[in-house]
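Here is a short report for a reader new to this model. Look over the sequence and the structure first, then read on.

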Amino acid sequence: MLCHNFAAAQLIRAQHGAMRVWGERYNRDLQRYNLALRMIAHEARTHTICDWTGLPDDRIRHLYQSYVDEHGKRHVLRRRGPSPQSLTVFFGTARSRSEAAALVGLCYLLEVLPTRTLDDPRRELPSVARGERLCEAYEMYRQLVPETSMTLEHLVLLVMTVSQGQEFEVTQCASCGGVVVLDRGALRRGDCAHCNEHRHFINEGCQSIR
Ligand SMILES: [Zn+2]
């Protein structure tokens, strides 16, 4: 009888262990799928979603189709071709410089950006947990600046470039202390776009008074 009880207890323990492993795997898969759907809603390309979720591209295509079936084609754009690569989108205008700085600030705040530079951010950065924080930063930014033309993939490019630390330098505005993203290749004063504009306005004002 004792032997029988022992065997039953062992069986229950084994079943409990298997359920726990299965539950953990189920939760991990669910997280991947949820992140993929979130990125589809932000019009990320299939290969970007594969990188961050670890899901194969045929699964992403199925998910995209089910997303369209549920929400209608009007509500999601499927971008094709390579992801944005040009960094000029972050420096073209005072506004784009401000937007890049604000996005970088948010990404540091939400720990999307690492505190050290990385040799190979495209390999080291993507993970489901960081992908969730990336979406959170982007969604928060869209709430603050709904008219932005920055896409989630622009944010991915920004995060990768800042993490590598070769093209961009993140520093503080010499005047107001705000976040500034500087192009290492350009000789610019380390002020934010807002302070630059303000100084320009004051100088113009002084010249017209003279
Ligand atoms: Zn400033």
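Which residue forms a salt bridge with Arg123? The partner is Asp120, and the closest N and O atoms of the two are 3.4 Å apart. A salt bridge here is a side-chain nitrogen of Lys or Arg within 4 Å of a carboxyl oxygen of Asp or Glu.

## About the model

This is a predicted model, in which local features need pLDDT of at least 70, side-chain atom pairs count only at pLDDT 80 or more, and totals for chains, interfaces and linings use all residues. Residues are numbered from 1 along each chain as its sequence is written, and side-chain values use heavy atoms, with hydrogens and water left out.

## The zinc site

Four cysteines hold the protein donors of the zinc ion: Cys173 (SG), Cys176 (SG), Cys192 (SG) and Cys195 (SG). They lie 2.3 Å from the ion. Donors are N, O and S atoms within 2.8 Å of the metal (3.2 Å for Na, K and Ca); water is not among the atoms, so sites may look incomplete. The 4 donor atoms subtend angles of 105 to 116° around the zinc ion, so the arrangement is tetrahedral. For four donors, that term requires all angles to lie between 85 and 135 degrees.

The donor residues follow the spacing C-x2-C-x15-C-x2-C in sequence. Cys173 and Cys195 link distant parts of the chain, 22 residues apart. Cys173 sits in the loop between strand 1 (168–172) and strand 2 (179–183). Cys195 belongs to helix 8 (residues 193–209). Helices (H or I, at least four residues) and strands (E, at least two) are DSSP runs, numbered from the N terminus. Both Cys173 and Cys195 are buried. Buried means under 20% relative accessible area, exposed means over 50%, and partly exposed is in between (1.4 Å probe, protein chains only).

## Salt bridges

Side chains of opposite charge can pair when their charged atoms come close. The structure holds 8 salt bridges. In the bridge between Arg123 and Asp120, Arg123 counts as exposed because its relative accessibility is 62%. Asp120 is partly exposed, with a relative accessible area of 34%.

Helix 3 (residues 57–71) contains both Asp57 and Arg61. These two are 4 residues apart, about one turn of the helix. They form a salt bridge, with the closest N and O atoms 3.1 Å apart. Asp57 is partly exposed at 37% relative accessibility. Arg61 is partly exposed too, with a relative accessible area of 39%.

Arg95 and Glu99 both lie in helix 4 (residues 94–109). They are 4 residues apart, about one turn of the helix. Their salt bridge brings the closest N and O atoms to 2.8 Å apart. Buried or partly exposed: what is Glu99? Glu99 is buried, with a relative accessible area of 6%. Arg95, at 43%, is partly exposed. A network of salt bridges links Arg95, Glu99 and Glu147.

Trp22, Tyr26 and Leu30 make a nonpolar surface patch of about 340 Å². Patches are made of residues with over 30% relative accessible area and no salt bridge; like charges are joined within 9 Å, and nonpolar side chains (Val, Leu, Ile, Met, Phe, Trp, Tyr) within 5 Å. Accessible areas come from the Shrake-Rupley method with a 1.4 Å probe; for residues, only the protein chains shown count as cover.

Leu30 lies in helix 1 (residues 2–41). Leu30 counts as partly exposed because its relative accessibility is 36%. Ala9 also lies in helix 1. At 31% relative accessibility, Ala9 is partly exposed. From C-alpha to C-alpha, Ala9 and Leu63 are 42 Å apart in space. In sequence they are 54 residues apart.

Helix 6 (residues 128–144) has 17 residues. From its first C-alpha to its last, helix 6 reaches 24 Å, close to the 24 Å expected at 1.5 Å a residue. The expected span is 1.5 Å times one less than the number of residues. Buried residues of helix 6 include Arg130, Leu134, Cys135 and Tyr138.

Thr161 lies in helix 7 (residues 152–164). Thr161 is buried, with a relative accessible area of 8%. Its C-alpha atom is separated by 8.2 Å from that of Pro121, 40 residues apart along the chain. Ile49 lies in helix 2 (residues 46–53). Ile49 is buried, at 1% relative accessible area.

Definitions and conventions. Four donors count as tetrahedral if all angles lie between 85 and 135 degrees; four count as square planar and six as octahedral if opposite donors are over 155 degrees apart and all others between 65 and 115; anything else is irregular.
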